[in-house]
Amino acid sequence: MSDKSTIPFGPQHPVLPEPIHLKLVVEDEKVVEAYPAFGFVHRGLETLAQKKDFNQMVYVVERVCGICSCMHGQDYCEAIEELMGVQVPVRAEYLRTIWAELHRIHSHLLWLGLFADAFGFENLFMQTWKIREKIMDILEATSGNRVIISVNIVGGVRKDINSEQAKWILKELDDVERQLKDINDVVMNNYTVKQRTVGIGVLTKEEAYELGATGPMAKGSGVDLDLRTTGYAAYKYLDFEPIVEKTGDSYARNLVRMKEIFQSIDLIRQALGKMPEGEISVPVKGNPPAGEVISRLEQSRGEVVYYIKSNGTKFLDRLRIRTPTFANIPALLKILPGSYLQDVPVLILTIDPCISCTER
Amino acid sequence: MIVNSREVEIGNLKSEVKKYHDGGYRFVTETCLNLEDKFKIIYTFAIGYDLENIHIITDGKNVPSVSDIYSCALAVENEIKELFGVEFDGLAVDFGGNFMLGESSPISPQADIEIIRREKGGKNE
């Protein structure tokens, strides 16, 4: 009869540059229990809402996470705009959508590189990040920054995309799409990748729903939830269907993210083609009235929820951010027991954990 | 959406949450707010894309955990426990104050109370 041992995973681990600690109880090579610990880099950004005015908070929430910073800013601005009854111009809605989808692409590509790295596929890691550089170049050319692009303001956006830039973006996206098609076969049909992902870390549809999973974690298990279909920003003007896979294993979660990259490219093409001329922001005066609002949108990792309570002054009473990684922790704790120790790094990567978001 | 939350008595909390669970709602999150000398905890559920909220007003002691109904609530309830000092009864998994905070972290850093730091080698009560 084998004995149980407890193995510490992290907080610093080669597979994940961010600190997370898991206490893994193993029997032989099999994980039987997993207990997480966070908080190594907690920043208390929610509390800053009582010290920075509501306009300054746009820049604070962008720093919740570098990878989806643009969407944090967008969600926060949409919450304040709803509270203040501000309608942003249609062109601003399109621009927000374009930048959000660019962020989704670079987030998924970053994840794909880290995922490849997790099982020693260095070449794929390099290729993926090389492709991602094109997206970062687009972000830099259109906003002035590569990662935290700070384009969202309450009332719209502060940068525009002109027709010359639009043509160049379309050309770059063609390049990205072609290169992605080249590596798609390697990612999804490679023997090693399949060995490490097919049938591993299975989360059923019922479990995903019951555990509140979100994003590719839920969509990979057949849960058809994608907040973009609710039609916020410019999504109401675009044609798309949520990408859903049914097998619920690590492979399905990969597949969702790969397909979402192509979907995002298509959404940007549509948005650039349909974007009307016009203003990119409206002036916003005064402070948000007293009230409470919940705003949600679909980040690359899933649904992000902003709760805001204002008191009529320029400072908010409460800002609460429920990030997608936080929602996916219970699902991670569900898929780890029963897996082999060698699969733990890969399984953690398949939820695309963002510790920065969790430690907001 | 503008929050339209319905207040429920603490004694009825679990039966109300059970109704959402049995009605096919998924658990989205719990949000804790500081009031004068009390806490307000908002429970958010969703069915499809529609949200519904209920809330309780509590002094922060002996709040019934809903993690036996929605097991995923254990993460946010452990977080609220550590950041606000709210005590939950019947947490499915209690991380013992080591989920978001470390041994040398401030106690209840988001609550409107005096923050006490552990002295070197000492233990918090």
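How many cavities of 30 Å³ or more does the count come to? The count comes to 5. This is a predicted model.

**The largest cavity**

- The largest cavity holds about 90 Å³ of space.
- Chain A and chain B both supply residues to its lining.
- From chain A come Leu211(A), Gly212(A), Arg322(A), Phe326(A), Ala327(A) and Pro330(A).
- From chain B come Phe27(B), Val28(B), Thr29(B), Cys72(B), Ala75(B) and Val76(B).
- By class, the lining has 9 nonpolar, 2 polar and 1 charged residues.

**The second largest pocket**

- The volume of the second largest pocket is about 470 Å³.
- Its lining has 20 residues.
- Nearest the centre of the pocket lie Glu78(A), Glu82(A), Tyr232(A), Ser295(A) and Arg296(A).
- Chain A gives two or more lining residues from each of helix 2 (69-84), helix 3 (90-118) and strand 6 (291-299).
- Strand 4 of chain B also gives two or more.
- The lining divides into 9 nonpolar, 3 polar and 8 charged residues.

**Paired strands in chain B**

- Strand 2 of chain B and strand 3 of chain B run antiparallel, joined by 8 bridges.
- These two strands form a hairpin, with 4 residues between them.
- Within this pairing, Glu30(B) has Tyr43(B) of strand 3 as its bridge partner.
- Strand 3 of chain B also runs antiparallel to strand 4 (residues 50-58) of chain B, and 9 bridges join them.
- Phe39(B) stands opposite Thr58(B), which belongs to strand 4 of chain B.
- Strands 3 and 4 of chain B form a hairpin too, with 2 residues between the strands.
- In that hairpin, Gly48(B) takes a positive phi near 60 degrees.
- Is strand 3 (residues 39-47) of chain B mostly covered or mostly uncovered? It is mostly covered, with 8 of its 9 residues buried.

**The annotated region of chain B**

- UniProt lists residues 20-90 of chain B as "domain: NADH:ubiquinone oxidoreductase 30kDa subunit", in an unreviewed entry.
- Over residues 20-90, chain B is 21% helix and 44% strand.

Technical notes. Residues numbered from 1 in each chain as written. Chains lettered and ligands numbered in written order. Predicted model: local features only at pLDDT ≥ 70, side-chain atom pairs only at ≥ 80, totals over all residues. Heavy atoms only, no water. 1 Å grid on protein atoms, 1.4 Å probe; cavity = no way out; pocket = protein on both sides within 12 Å on 5 of 7 lines; lining within 4 Å. Points joined across faces, edges and corners; volume = space filled by probe spheres on them. Nonpolar A, V, L, I, M, F, W, Y, C, P; charged D, E, K, R; others polar. Buried < 20%, exposed > 50% of the residue type's maximum accessible area, 1.4 Å probe, protein only. Pairing = 2+ DSSP bridges. UniProt positions renumbered as here; feature names shortened; annotations may be inferred.
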